[in-house]
Amino acid sequence: MSSDRQWMYNRMRGGYLNPKFVDGVHVFVQFAISQPEWTDGPRIRCPCSMCKNRKFLETENVKLHLVQKGFVPDYYEWRFHGETTTRRNYEQGEGHTSAYATESPGPYHTMVMDAGGPDLDFDTMEESPNPIAKKLYEMLQAADQALWPGCEKHSQLSAVARLLNIKSEYHLPERCYDSLLEFMKEALPHRNTLPENFYNTKKMVEGLGLPVEKIDCCERGCMIYWGVDSALKCCKLCGHPRYKSRRRESTKHNGDVPYKRMYYFPLIPRLQRLYASKATAKDMRWHDDHDKEDGVMHHPSYSKAWFHFDQMHPSFSAESRNVRLGLCTDGFQPFGQSGKQYSCWPIIVTPYNLPPGMCMKEPYMFLSVIVPGPNNPKHKIDVFLQPLIAELKHLWEVGVETYDVSKKQNFQMRASLLWTISDFPAYSMLSGWSTAGKLACPHCMEYSDAFSLPNGRKTS
């Protein structure tokens, strides 16, 4: 134990704040803000027993937390604020005057002396939902009204969801669905809220669903018509036309038909839904809140890669609600063995903030991209990943305002892609590393012991 910092854990004396503790807190804050590489602009990590160096707060709020809750246990060395074991930039003890010991500011001095002040807790201050979340809650509330006055079994939303499921399960035509709704509205009591037809049904659930983008692609996989290239009529690399040529005018199709089209499901709305739902919002902090057992690894948050990432990006890891993602992909034959050869590649993104019993379940494995066939995209798969990569860069650099229903707070959610999961051929496609030949092993690289047989060309 460092004897010159015993004041850190002698907060009270005789029922009052210890003056040495108050002076030490001020010296600590001055030291912390003098290390700009360990700060987040004007904010520093809060080492109180509640925040535990996981959050960046304004200096006045840090002082307030320390006075109310004290330091996190065994934090004699300020390693999260720029201090190392070999070189200490701070020295305080009897007979020594700190270089950072200056006059306490007025508001802080007043706060310290106000022993009967309110016990503020910034983690429990409630906020109203942001406009996006508020719109979602309003639509849910409107759609959750009774199917007719006095109905207790079904709401408008549950009835519509059941009908859409029946239509999908039994492949009902749209005209059949409309006739069924017309009969049900006649049979149900007056003033029922059932939609009149399939069009109104789609309009009702459109706002509750998640968006999907249909993006035209070059038939040879050279490019996608997205972003600045969305208006092009032919491939800028190979010159292949974007749309199929028409032999005669057709009355069925009013638009051009592309040779190939991919589907992209935006990631941000689905991550925001995880915090908008009471069923998952609290579990998104499980990786940081649960008690870890030494010597046992049953979640990626125990791994060395996770800890290394936290050390390399302290500003990201300080907010436990930031999302850690994994990406996986593999090809499959959607038509089985009976149909023609067609290779389709889904790209799946998984949030690893959730506990082990949830993060690998189907509802939380987000299908983000469907790379169309019929051919294997091979090393052109990055062409189809452009929308996802742009969204991930925005989540890492800027983030999006998100409403956490469990804490009733808005926060700036950021996300990071920690790793990819794939077999060896897909690893070559995602990373660009050739998994064939003498340098096939991405770990050994040029130090590989691979060799070729004298009378053959096969690498062993």
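Let's call a residue buried when its relative accessible area is under 20%, exposed when over 50%, and partly exposed in between, using a 1.4 Å probe and protein chains only. With 7% relative accessibility, Arg-242 therefore counts as buried. A word on the ground rules: this is a predicted model, where local features need pLDDT of at least 70, side-chain atom pairs count only at pLDDT 80 or more, and totals for chains, interfaces and linings use all residues. Residues are numbered from 1 along each chain as its sequence is written, and side-chain values use heavy atoms, with hydrogens and water left out.

Stay with Arg-242 for a moment. This residue sits in the loop between strand 5 (213-217) and strand 6 (260-264); helices (H or I, at least four residues) and strands (E, at least two) are DSSP runs numbered from the N terminus. What does the side chain of Arg-242 reach at 2.9 Å? That would be the backbone oxygen of Leu-232. Another backbone oxygen, from Ser-230, lies 2.7 Å from a polar atom of the Arg-242 side chain. Contacts here mean heavy atoms within 4.5 Å, and leaving aside neighbours within four places in sequence, those of Arg-242 include Asp-216, Tyr-225, Cys-234, Pro-258 and Tyr-259.

Strand 6 and strand 9 (residues 366-371) run antiparallel and are joined by two bridges; Tyr-264 has Val-369 in strand 9 as its bridge partner.

Which residues of helix 15 (residues 424-431) are buried? They are Ala-426, Ser-428 and Met-429. They cover an arc of only 150 degrees around the axis, so they end up on the same side of helix 15; the arc is that of the directions from the helix axis to the C-beta atoms. Their cover includes strand 7 (323-329), strand 8 (345-351) and helix 13 (381-384). Gly-432 follows helix 15, with a positive phi near 85 degrees.

Finally, the cores. A nonpolar core is a set of buried Ala, Val, Leu, Ile, Met, Phe, Trp, Tyr and Cys residues joined through side-chain atoms within 4.5 Å. The largest has 39 residues, and Leu-267, Leu-271 and Leu-388 have the most contacts inside it. Helix 8 (residues 268-276) gives the most to this core, with four residues. A second, separate core of 20 residues includes Met-8, Leu-66, Phe-71 and Val-72. Not counting residues up to four places away in sequence, Leu-388 touches several residues, among them Tyr-264, Leu-327, Ile-347 and Val-369.

How values were computed: Polar contact = N/O pair within 3.5 Å; in protein donor to acceptor, adjacent residues only side chain to side chain. Pairing = 2+ DSSP bridges.
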